[in-house]
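Keep the picture open as you read.

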Amino acid sequence: QVQLVESGGGSVQAGGSLRLSCAASGYTYSSYCIGWFRQAPGKEREGGASIYIGISGPYYADSLKGRFTISQDNAKNTLYLQMNSLKPDDTAMYYCASMPELRSASVCRRGSPDDFIYWGQGTQVTVSS
């Protein structure tokens, strides 16, 4: 049973930084697609960044390119999202999510929330102006 547990959210002023963590467990294989998504109040969940562990990526949505960086620590089975130059528009619940194992890298690159079936509980990020 895949389990994803996020941490690291909080409140920060515009221009500040945060690093989110996602502890992942329960995979059968060492390669899988995992990523970060976010959902702002009243808006649909949107893709952020994804990576196919050991295979390809990372991939970023246009809104995150240049400011956010996804990385992983394989020894700790932990995924990170380093967020810099935060803006009030980045305020959202941030989720870690993973696809079923053995999906293709092209699907991972697409980064559509509909392709991810395992979800963490989310961590709130609030950016004030």
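## Charged pairs and paired strands

The side chains of Asp 62 and Lys 65 form a salt bridge, at 3.3 Å from N to O. Here a salt bridge is a side-chain nitrogen of Lys or Arg within 4 Å of a carboxyl oxygen of Asp or Glu. Asp 62 and Lys 65 are both exposed; exposed is over 50% relative accessible area, buried is under 20%, and partly exposed is in between (1.4 Å probe, protein chains only).

A quick word on the ground rules: this is a predicted model, where local features need pLDDT of at least 70 and side-chain atom pairs count only at pLDDT 80 or more, while totals for chains, interfaces and linings use all residues. Residues are numbered from 1 along each chain as its sequence is written, and side-chain values use heavy atoms, with hydrogens and water left out.

By the salt-bridge rule the count comes to five. Among them are these:

| Pair | N to O distance |
|---|---|
| Asp 62 and Lys 65 | 3.3 Å |
| Arg 38 and Asp 90 | 2.8 Å |
| Asp 90 and Arg 67 | 2.7 Å |

What do Arg 38, Glu 46, Arg 67 and Asp 90 make up? Salt bridges with shared partners join them into one network. Asp 90 is buried, with a relative accessible area of 2%, and Arg 38 is buried too, at 7%. Arg 67 also counts as buried.

Now for the strands, which are DSSP runs of E with at least two residues, numbered from the N terminus. Two strands pair if DSSP finds at least two bridges between them. Strand β8 (residues 78–83) pairs in the antiparallel sense with β3 (residues 18–25) over six bridges, and it pairs in the antiparallel sense with β7 (residues 68–73), again over six bridges. Met 83 in β8 stands opposite Leu 18 and also opposite Phe 68. How many residues of β8 are buried? Five of its six are.

Between β7 and β8 comes a loop that holds Asn 77. In this hairpin, with four residues between the strands, Asn 77 takes a positive phi near 50°. Asn 77 is partly exposed, at 40% relative accessible area. Leaving aside neighbours within four places in sequence, Asn 77 is in contact (heavy atoms within 4.5 Å) with Cys 22, Ala 23 and Ala 24.

One more hairpin to find: β5 and β6, with three residues between the strands, where Gly 54 takes a positive phi near 75°.
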